[in-house]
Amino acid sequence: MPAEPAYVIVGASMAGAHAAQTLRDEGFSGSVVLIGAEDERPYERPPLSKGYLLGKDARDSIFVHPEGWYAEHDVDLRLGTTVTSIDRSGRRVALANGESVPYDRLLISTGASPRRLNIPGGDLGNVLYLRTVGDSERLADALHGGGQVVIAGAGWIGLETAAAARENGCEVTIIEPERGVLHRSLGPELGEVFASLHRSHGVTFRFGEGVSELTGSGGAVTGAITSVGEELPAQVVIIAVGIAPNVALAAEAGLDVDNGILVDETLRTSDPDIFAAGDVANAFNTLLGRRIRVEHWGNALASGPIAARAMMGRDVTYDWVPYFFSDQYDLGMETAGLPDPGSYDEIVYRGDKDSGEFISFWLSEGAVIAGMNVNVWDVNEDIQALIRSGETVDPDRLADPDIPLADL
C-alpha cells in the first residue's frame, strides 16, 4: 500500500490552526504536522489589543482550540520549534534542533512581525510592541495604574491600545506622520470619526510628526522626542507602526515574494506543492480582480481553510470579501471591503455619523466597494452581498434607513 501523504504547516497561527482543522474535518487521513515558533498553542490575536489586554477576557478564551484538540485529532503540534529552511527538491523542512520533517504538501502561515523603530533609545525598558500573548501581558502590566503613554502610530493597534490606556487612567498622546488617523485604512472622512471619538476620551494627537528619539533614565523610557524636536514625557511608549510579513523562509527557498509570499487564487505559491495563508500571503482575490495582503483576523479565518482544501486538490478560489472589526470604548464596528484612499469617488451615510450609530458605504462609479457598520448590527452580511453584486446602487435608497439593505 502506498504511504499516506504528509502535510506540514509551518506557522502555528490562526490560519495554520484552521487549516489543520479543515484537513481533519474534511477527511484528510494522512499525517498533519503543525510547527510553531511560539510556546503557546495557536491563538486569536484580536483579544490581545481588546478584551484580553483590558483583563475582560480569560486567558483560555483566546485559543483557537482546547489544549487536547490536537492530540485528539492526530495533529502533531510542535511548539517552540523554529523552521530554518525548506528543501524544495527533497521536500523536507529543517528545524533548528537539527531534525527535518518530510512533506508532500507544505503550507506556510508564518504571519507577520511588528515593524521596528530603529531610533536612539529604542531598546529602553517599557518601549513596547504588540503581537504576541506575552506582549499583551507586558503591556497590560505597564498600563496598570495610569501614567503618561506615547503611542507611535494611529492605525488600528495604536487606537485600540490608546483606548485600553485611557481605560486604565493613563494620559495618552498619539504621534502620527499622516494627516489623520487610519488614513490608509479608511481614508480621511471616516478616519476623523475615530479621531473625534478618541479626542472625546481625552487622547491628544500630533499629526504630521514622527518619533525621532526616546530618552530614558535607569534603563527605562522617560520621554519621546518628536520629529519637530519637542520632548513628551512618557513612562510607556507603544510602537504601532505596522507589521511586515515573515517572508524570509520563503525567500530563502526561492519562492516568489513581493510584499508577502505571492500566491494565486488557490493560495498556491510558485512551487506547486507549497501554499501560503494568513498575513504572510499576497493573494490574488478573484472577486476584487487584484492581489491583496490583508492583516486581519477574518483573512486568517478564511484563507486557512481555503489553503487546506487546495492542498487536498479541491476546486477552490480565494474570493473572500475582506472583513475586519474593532472595539474602542463604547464603539463597535465591522468593515467589509477595502476602502483604500483613491479607490472610491463617493461616500454615502445611512444614519448620522455624528450620532455614533450609522452605516457608511464607499462607492466607485455607483457600486458599493466597501461598507462599515458602527454600533449597528446584523447588517454586515448584506453589505458583503452588495459588494459581491458589483451592481450600481441608487445613493438615496442606500441612505434610506427604511429600506432594508437586502432589498438593494
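1. Surface. The protein chain has an accessible surface of about 17200 Å², and carbon and sulfur atoms hold 45% of that surface. Accessible areas come from the Shrake-Rupley method with a 1.4 Å probe, and for residues only the protein chains shown count as cover.

2. Basis. This is a predicted model: local features need pLDDT of at least 70, side-chain atom pairs count only at pLDDT 80 or more, and totals for chains, interfaces and linings use all residues. Residues are numbered from 1 along each chain as its sequence is written, and side-chain values use heavy atoms, with hydrogens and water left out.

3. Overall size. The C-alpha trace spans about 70 × 65 × 35 Å along its principal axes. The radius of gyration of the protein chain is 22 Å, which agrees with the value near 22 Å for a compact globule of 408 residues. That radius is taken over C-alpha atoms, and the globule rule is 2.2 Å times the number of residues to the power 0.38.

4. Of the 408 residues, 52% are buried. Buried means under 20% relative accessible area, exposed over 50%, and partly exposed in between (1.4 Å probe, protein chains only). Among contacts with a separation of 6 or more, 60% link residues 24 or more positions apart. A contact means heavy atoms within 4.5 Å.

5. Charge. The chain carries 30 positive and 61 negative side chains. Lys and Arg count as positive, Asp and Glu as negative; His and the chain ends are not counted. The centres of the two sets lie 5 Å apart. Each charge is placed at NZ of Lys, CZ of Arg, CG of Asp or CD of Glu.

6. Secondary structure. The protein chain has 10 helices and 26 strands. Helices (H or I, at least four residues) and strands (E, at least two) are DSSP runs, numbered from the N terminus.

7. The parallel sheet. Five strands form an open sheet in the order β9-β16-β10-β11-β12, with parallel pairing. β9 (127-128) and β12 (204-207) are at the edges with a single partner strand each, so one side of each has no neighbour in the sheet. Two strands pair if DSSP finds at least two bridges between them. β10 (residues 147-152) and β11 (residues 170-176) are joined by six bridges. V149 stands opposite V172 in β11.

8. Helix α3. This helix covers residues 133-143, and V133, D135, S136, L139, A142 and L143 are buried in it. Their cover includes β9, β10, α4 (156-167), β11 and β16 (236-239). Just after α3, G145 has a positive phi of about 95°.

9. Around β5. Strand β4 (residues 83-87) runs antiparallel to β5, with four bridges. D87 stands opposite R92. Four residues lie between these strands in the hairpin, where R91 takes a positive phi near 50°. β5 also runs antiparallel to β6 (residues 100-102), over three bridges. A94 stands opposite S100 there. In this second hairpin, again with four residues between the strands, G98 takes a positive phi near 95°.

10. Two faces. In a regular strand the side chains alternate between the two faces of the sheet. In β5 (residues 92-95), V93 and L95 form the covered face, while R92 and A94 form the uncovered one.

11. I86. This residue is in strand β4. I86 counts as buried because its relative accessibility is 10%. Not counting residues up to four places away in sequence, I86 touches R92, V93, Y103, L106, I108, L249, A253 and I274.
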